[in-house]
Structure formats: C-alpha cells, structure tokens
Amino acid sequence: MINDPIADFLTRIRNAIKNKQRIVEIPASNLKKGITKILFEKGYILNYKFVDDNKQGIIKIALKYHPVTRLPAINQLERISRPSIRRYCDSDNLPRVQNGLGIAILSTSKGLMTDKEAKKLKVGGEIICFIS
C-alpha cells in the first residue's frame, strides 16, 4: 500500500534517472497524468504514453538526456506538500525554484499548473513539488 502516490511517482523517476534508464513505467492517476503533461510541456521529459491495462492504467515516460554528455534534463525532484504536512501559498508568495530556473507544480482551483502560470493568473494553491 502506497501512502503518498506522488512521492512514489517522483521516486520512480529519480531512481530511473540514477540508473540511466530510458523509460520508466508508473501506475496512473489523474494527478500523475497532469504532472506528466507539465513535465513534457516544460521539456523535462522526452515523451509519454498512457496505457490502459483494464485496471488503473500505466504511464510510460521516456526520460530526456543530453545527447553528448548524457546528463539528465531533470536534476532535482523534491516533494513539498505531503499528506502529513500540506503546504499552501497565495499568488503573492509563490516560491521561486533555483532563482527561476526550475518550476514548482501547484494544484490550484483552476487545475494543475506551474508557479509562473499561477502568478500570471493570480491564483494560489497547494505546492506539489519542485523540479529543476
């Protein structure tokens, strides 16, 4: 039984990057699908595919590496809001990840979005994770 599915999602990606794997498979949920779409839109992953297995489904993520140096596009994945300690912020106090070089993913009343999009729309919410 997994108590924190988002932490499990981030840990699976982190472990796959450590082992230089190209593809990682993760059990699907709507929140994980939303985070995966944001990672793809912001260029942190190469591609993704949702596979229906007549249960909850699987997300297949193709990780992105630099072609010459083989360094991963994702350097750090950090879970911020946990089931035991929820972290919220308003639009005026949105966090900056690595001085604007990374992104924070927020769950807002208007759906999942990055910190920059939330600031533009002037909405706050729960800080899910930091990615850089």
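Strands β5 (residues 88-89) and β8 pair in the antiparallel sense over two bridges; two strands count as paired if DSSP finds at least two bridges between them. Helices (H or I, at least four residues) and strands (E, at least two) are DSSP runs, numbered from the N terminus. This is a predicted model, in which local features need pLDDT of at least 70 and side-chain atom pairs count only at pLDDT 80 or more, while totals for chains, interfaces and linings use all residues. Residues are numbered from 1 along each chain as its sequence is written, and side-chain values use heavy atoms, leaving out hydrogens and water.

- Strand β8 (residues 125-131) is mostly covered, with seven of its seven residues buried; buried means under 20% relative accessible area, exposed over 50%, and partly exposed in between (1.4 Å probe, protein chains only).

**Helix α1**

- Helix α1 (residues 5-18) has 14 residues and reaches 20 Å from its first C-alpha to its last, close to the 20 Å expected at 1.5 Å a residue; the expected span is 1.5 Å times one less than the number of residues.
- Its buried residues are Ile 6, Asp 8, Phe 9, Leu 10, Ile 13, Ala 16 and Ile 17.
- The cover over these buried residues includes β1 (23-27), α2 (30-41), β3 (58-63), β4 and β8.
- Just after α1, Lys 20 takes a positive phi of about 60°.

**The nonpolar cores**

- A nonpolar core is a set of buried Ala, Val, Leu, Ile, Met, Phe, Trp, Tyr and Cys residues joined through side-chain atoms within 4.5 Å.
- Of the 25 residues in the largest core, Ile 13, Ile 61, Leu 63 and Ile 131 touch the most other members.
- Two or more residues of this core come from each of α1, β1, α2, β3, β6 and β8, and α1 gives the largest share, six residues.
- Apart from this core lies another, of 11 residues, among them Ile 80, Ala 104, Ala 118 and Phe 130.

**A look at Thr 114**

- Thr 114 lies in strand β7 (residues 111-114) and counts as buried because its relative accessibility is 2%.
- Leaving aside neighbours within four places in sequence, Thr 114 is in contact (heavy atoms within 4.5 Å) with Ile 38, Lys 42, Ile 103, Ala 104 and Leu 106.
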